[in-house]
Amino acid sequence: MARIIVVTSGKGGVGKTTSSASFSTGLAMRGHKTVVIDFDVGLRNLDLIMGCERRVVYDLINVINKEASLNQALIKDKHCDNLFILPASQTRDKDALSEDGVEAVLADLIAMGFEFIICDSPAGIEHGALMALTFADEALIVTNPEVSSVRDSDRILGIIQAKSRRAQSGGEPVKEHLLITRYSPKRVENGEMLSYTDVQEILRIPLMGIIPESEQVLHASNQGNPAIHFKGTDVAEAYEDVVARFLGEQRPLRFTDYEKPGLLKRLFGAK
Amino acid sequence: MSKSPFQKPIEIKISTVVAVSAILHTSDGIALDAALKGMTGGVSDFFEGDLAVIDVGDLAPGSERIDWSGTIALLKKYRLNPVAVRNARPDMVDEIVAHGLSLDTGKRDETSAPPVAAPVVAPAPVAEPVQAAPALIPGANGGANAATVIIDTPVRAGQRIYARGGDLIVMAVVNNGAEIIADGSIHVYNTLNGRALAGASGDASARIFALSMSPELVSIAGVYRTFEDGFPADQARQPAQIRLNGDKLDIQSVNSTTRA
């Protein structure tokens, strides 16, 4: 059965799109037919992160307005045969996202046999963000270990509990997962950053994974390749762990402890 | 089950608005101005445009006529936004309505108006009179059981829960930026980090209990207290209760090891 997962945070710039790209890529690499939808109408950038911006012809709004078919708008990922991207519109107003229209698009995607439908939410709690979460079965809450980000995530969790279709119909609630990004064990150790246990203490939802702060992410974005493709890096491995946990595997938490560089490492430099 | 915001141009729903009460003890504009100036310490945005209900019930009968234009302008000067008048005498009604204010015909607050020197005055919520079915019995355990509201999920930033006419019991965490309100008492069997307002329609016997107390703001029967410099350290994050003692809010430990 298809699962609709919203990737959301409230706050901007915490890593929603980066995480959507790597998470959907990771699911597809494991053989699951996956589509990732950019709900950030007017400020699209999922296609940039996925490296398919030059192939965008039609977008989500065109499909909603029946100006294009889903098959015309879906872009096949350049690495994974199982992954498709439904880009947002750059030129349209976000009010063009109608609830009925989004529902119809999601129903069509399910009918096409997609197992996972990832909705990359815009920042904020406005219409675009609401449309991204309304039909979600599960939510990946992306949070930085920093008070304002945690507060905004708390707010968006409240909105999911109130406004999602599952909440409104009184059914089983949306399953929530916490994804902490830009985590720096060293800064946690120095007391400059909230620890993941602090964040969990406030948000009280199950932890799906921790993505360490890394220069690799910017590099990946600029190249238009999701960070999970950079094999062997901390970030790629952390995202692989997230995908594995999401699919029900047990993986120990990694990248949470700060190892003081040893003397030799300090003398000769790591990198 | 469709509820798209685009289908209806307007929706009318019952809502409860939190307003402060401005209880007049005099109609003398100069005295009021001086008192407000003293209260706000000259901070121009002290009230940040809070809604205000002007309560004239404490004015001595036969006292001087109220200069409504002057009073409204005065409150606005201190960034209070008067919207209604409470306990108006019948002869005032025409003039009040002519000034665009509503009449609040709700019952008189049971709380005696705290003096200006109190932490800060403001019999708080409920601009709209509350007519809950099981009527609140003031003093009787702080509320009728039938109206008790129990919440099992975390109360998150931006959420507001109001137990009308009864107690509110929260089993999960109340986070910063959340607001829980009850006409009776508030019980939090977890950490209270947000705002808690008990006795919202004036029950001064209401109390606030939490297993880990570190609220942003507490209020009982409109007397409120904020904790700008942090909650008192010896009681913070401990089991505690908060009750109204005269015009002061007392914080008391309910730790079984320290309690008699």
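This is a predicted model: local features need pLDDT of at least 70, side-chain atom pairs count only at pLDDT 80 or more; totals for chains, interfaces and linings use all residues.
## A pair of strands in chain B

B:Ile242 sits opposite B:Ile251 in S15(B). As for bookkeeping, residues are numbered from 1 along each chain as its sequence is written, chains are lettered from A and ligands numbered from 1 in the order in which they are written, and side-chain values use heavy atoms, leaving out hydrogens and water.

S14(B) and S15(B) run antiparallel and share 6 bridges; strands count as paired if DSSP finds at least two bridges between them. Helices (H or I, at least four residues) and strands (E, at least two) are DSSP runs, numbered from the N terminus. The S14(B)-S15(B) pair makes a hairpin with 2 residues between the strands, and B:Gly246 in the turn has a positive phi of about 65 degrees.

S7 (residues 168-170) and S9 (residues 186-192) of chain B go parallel over 3 bridges, with B:Val170 opposite B:Val188 in S9(B). S11(B) and S14 (residues 240-245) of chain B go antiparallel over 4 bridges, and there B:Phe209 faces B:Gln241 in S14(B).

## The five-stranded sheet

Chain B has another open sheet, with 5 strands in the order S6-S8-S10-S12-S13, and its pairing is mixed too. S6 (160-163) and S13 (223-226) of chain B hold the edges; each has a single partner strand, so one side of each is left without a neighbour in the sheet. The twist averages 10 degrees from one strand to the next.

Inside this sheet, S8 (residues 179-182) and S10 (residues 195-198) of chain B run parallel, joined by 3 bridges. B:Ile181 stands opposite B:Leu197 in S10(B).

## Where the chains meet

Chain A puts 18 residues in contact with 17 residues of chain B, contact meaning heavy atoms within 4.5 Å. Together the chains bury about 1,500 Å², 45% of it on carbon and sulfur atoms; this is the accessible area (1.4 Å probe) lost on putting the two parts together, summed over both. A:Arg151, A:Asp154 and A:Arg204 supply 31% of what chain A buries against chain B, more than any other three residues.

There are 2 salt bridges between chain A and chain B, each being a side-chain nitrogen of Lys or Arg within 4 Å of a carboxyl oxygen of Asp or Glu. In one, the side chains of B:Glu216 and A:Arg151 meet at 3.9 Å, N to O. Five helices of chain A give two or more residues to the side touching chain B: H5 (99-111), H6 (127-134), H7 (147-163), H8 (165-168) and H10 (196-203). H7(A) gives the most, with 6 residues.

Conventions: Axes are lines fitted to C-alpha atoms, for helices over the stretch in contact, and angles run from 0 to 180 degrees between N-to-C directions.
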